[in-house]
Amino acid sequence: MIYTCTFAPSIDYTAYLPHFESGALNRSDEVYYYPGGKGINVSRVLSRLGLTSRALGFAGGFTGRFIEEFLDAEGIETDFVDTGAITRINVKIKTDQETELNGPGPVLGEAQLEQLKDKIALMTTGDWFVLAGSLPSSVSTQFFKGLADRCQERGVHFVLDTSGPALKELLDTKPFLIKPNEHELGEIFGVEVNTQAQAFHYASLLVDRGVEHVVVSMGGAGAIYASRDHGYTANVPKGKVVNTVGSGDSLVSGFIASYIHHQDPSKAFQYGVASGSATAFRTDLCELADVEQLLPEVTVTPFEKRM
């Protein structure tokens with residue numbers, strides 16, 4: 001079973017309109033309501049790629065019920081810890097520029113955190129645990145290290161898809177997969193990463209620290225992959241970028257889906273890049289047909305280990 005975990009899920013209310021004027025009445029042309037959060041996005045894409053997952057995390061109130069009902073309608077199991085409070089709504093206004101208003105994440109108590117630990121204790125060898133999205137600063141790093149340790153003890157693949165100090169501090173838990181972009185990779189080492197060669201160099205340093213698979217997404221410049229035995233670069237397909245939200249999560253989903261089927265990092269990397277690109281070309285997350293159509297356009301090439 002694949003488990004995804006989102007600490008601060010949301011309902012993403014996205015409004016499209018030709019022009020937005022602050023302080024005035026604005027009317028939308030189109031509106032969309034989707035459950036938001038990186039772990040939730042991973043579950044949604046996995047479902048579209050034909051894999052079953054269970055979404056964990058913290059939710060509550062009428063908005064939490066909406067998220068559960070929405071995911072259930074897409075065939076995704078949920079097992080959220082009840083926060084006792086209304087899950088946030090994030091407002092995204094899309095015109096020629098994008099404006100966002102994100103609500104605060106949940107305030108979590110010790111009892112609620114223990115419930116999540118109990119769920120992980122039931123996972124078994126071969127399961128996957130995807131910890132994705134921003135992690136609350138009010139929860140200690142030791143708690144997250146404890147989750148990773150439980151995964152290691154049980155033979156569970158631990159996928160870490162976060163950023164900032166949390167990513168840097170949790171690298172030594174030796175996750176199975178991480179997927180920073182070039183800016184997040186640079187933040188880890190206090191440098192600027194501008195080229196694929198630089199990205200591969202620093203990704204290889206993370207592999208030396210114990211991360212099994214590192215994928216670095218670099219927007220239009222493609223992506224790189226590094227592991228103990230392999231290094232690859234991939235282009236991204238040509239197309240009109242409509243919405244980058246969820247592209248990274250889709251890459252993670254595509255990598256996991258392919259890896260489960262083939263155990264081949266090259267194929268998983270290619271499928272992940274195709275999945276991320278397919279989402280970027282849509283207003284919502286990618287569908288299987290989108291990924292399969294783009295897959296031949298993604299060329300994976302062995303990467304020479306150079307700076």
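Biologist: Pro35, buried or exposed?

Modeller: Buried, with a relative accessible area of 1%. Keep in mind that this is a predicted model.

Biologist: Where is the place of Pro35?

Modeller: Pro35 sits in strand E3, which covers residues 30-36.

Biologist: And what is Pro35 in contact with, leaving aside its neighbours within four places in sequence?

Modeller: Ser10, Ile40, Asn41, Arg44, Ile67, Phe70 and Leu71.

Biologist: What separates the C-alpha atoms of Pro35 and Asn90?

Modeller: A distance of 9.8 Å, with the two residues 55 apart along the chain.

Biologist: Switching to charges. How many salt bridges does the count come to?

Modeller: The count is 16 salt bridges. One of them joins the side chains of Lys38 and Asp249, at 2.6 Å from N to O. That pair links distant parts of the chain: Lys38 belongs to helix H1 (residues 38-48) and Asp249 to helix H8 (residues 247-262), 211 residues apart.

Biologist: Lys38 and Asp249, what about their accessibility?

Modeller: Lys38 is partly exposed at 28% relative accessibility, whereas Asp249 is buried at 2%.

Biologist: Why would a lysine and an aspartate pair up like that?

Modeller: In general, side chains of opposite charge can pair when their charged atoms come close.

Biologist: Next one, Asp79. What does its side chain meet in a salt bridge?

Modeller: The side chain of Lys119, at 3.0 Å from N to O.

Biologist: What about Lys92, which residue does it form a salt bridge with?

Modeller: With Glu100, where the closest N and O atoms are 3.1 Å apart. Lys92 is buried at 8% relative accessibility, and Glu100 is partly exposed at 41%.

Biologist: Which residues do salt bridges with shared partners join into one network?

Modeller: Arg44, Arg48, Glu74, Asp284 and Glu287.

Biologist: Lys94 next. Where is it, and buried or exposed?

Modeller: Lys94 is in strand E6 and is buried, with a relative accessible area of 10%.

Biologist: Which side chain does a polar contact join to Lys94?

Modeller: That of Glu98, at 2.6 Å. Not counting residues up to four places away in sequence, Lys94 touches Thr14, Ala15, Tyr16, Leu17 and Asn243.

Biologist: On to rings. How many aromatic pairs does a search of the whole structure find?

Modeller: The search gives 18 aromatic pairs. Take Trp128 and Phe176: their ring centres are 5.1 Å apart and their planes stand at 85°, so the pair is edge-to-face.

Biologist: Where in the chain are Trp128 and Phe176?

Modeller: Trp128 is in strand E8 (residues 128-132), and Phe176 is in the loop between helix H5 (164-170) and strand E10 (177-178). The two residues are 48 apart, so to speak for the chain, the pair links distant parts. Trp128 is buried at 4% relative accessibility, and Phe176 is buried at 5%.

Biologist: Which residues do ring pairs link into a cluster with those two, Trp128 and Phe176?

Modeller: Tyr225, Tyr232, Phe255, Tyr259 and Phe269.

Biologist: Helix H6 now. Which residues are buried there?

Modeller: H6 runs over residues 182-189, and Glu182, Glu184, Leu185, Gly186 and Ile188 are buried in it. Their cover includes H5, helix H7 (196-208) and strand E11 (213-217).

Biologist: And what happens at the start of H6, and just after it?

Modeller: At the start, a side-chain oxygen of Asn181 comes within 3.0 Å of the backbone nitrogen of His183. Just after H6, Gly190 has a positive phi of about 70°.

Biologist: Last topic, the surface. Which residues form a nonpolar patch there?

Modeller: Phe62, Ile86 and Ile89, with about 310 Å² of accessible area together. Ile86 is in the loop between strand E5 (77-82) and strand E6 (89-94), and is exposed at 57% relative accessible area.

Technical notes. Residues numbered from 1 in each chain as written. Predicted model: local features only at pLDDT ≥ 70, side-chain atom pairs only at ≥ 80, totals over all residues. Heavy atoms only, no water. Patch = residues over 30% accessible without salt bridge, like charges linked within 9 Å, V, L, I, M, F, W, Y side chains within 5 Å. Areas by Shrake-Rupley, 256 points an atom, 1.4 Å probe, with all protein chains shown as cover. Salt bridge = Lys/Arg side-chain N within 4 Å of Asp/Glu carboxyl O. Helix = DSSP H or I, 4+ residues; strand = E, 2+ residues; numbered from the N terminus. Buried < 20%, exposed > 50% of the residue type's maximum accessible area, 1.4 Å probe, protein only. Polar contact = N/O pair within 3.5 Å; in protein donor to acceptor, adjacent residues only side chain to side chain. Contact = heavy atoms within 4.5 Å. Phe/Tyr/Trp six-rings, centres within 6.5 Å; stacked < 30°, edge-to-face > 60°.
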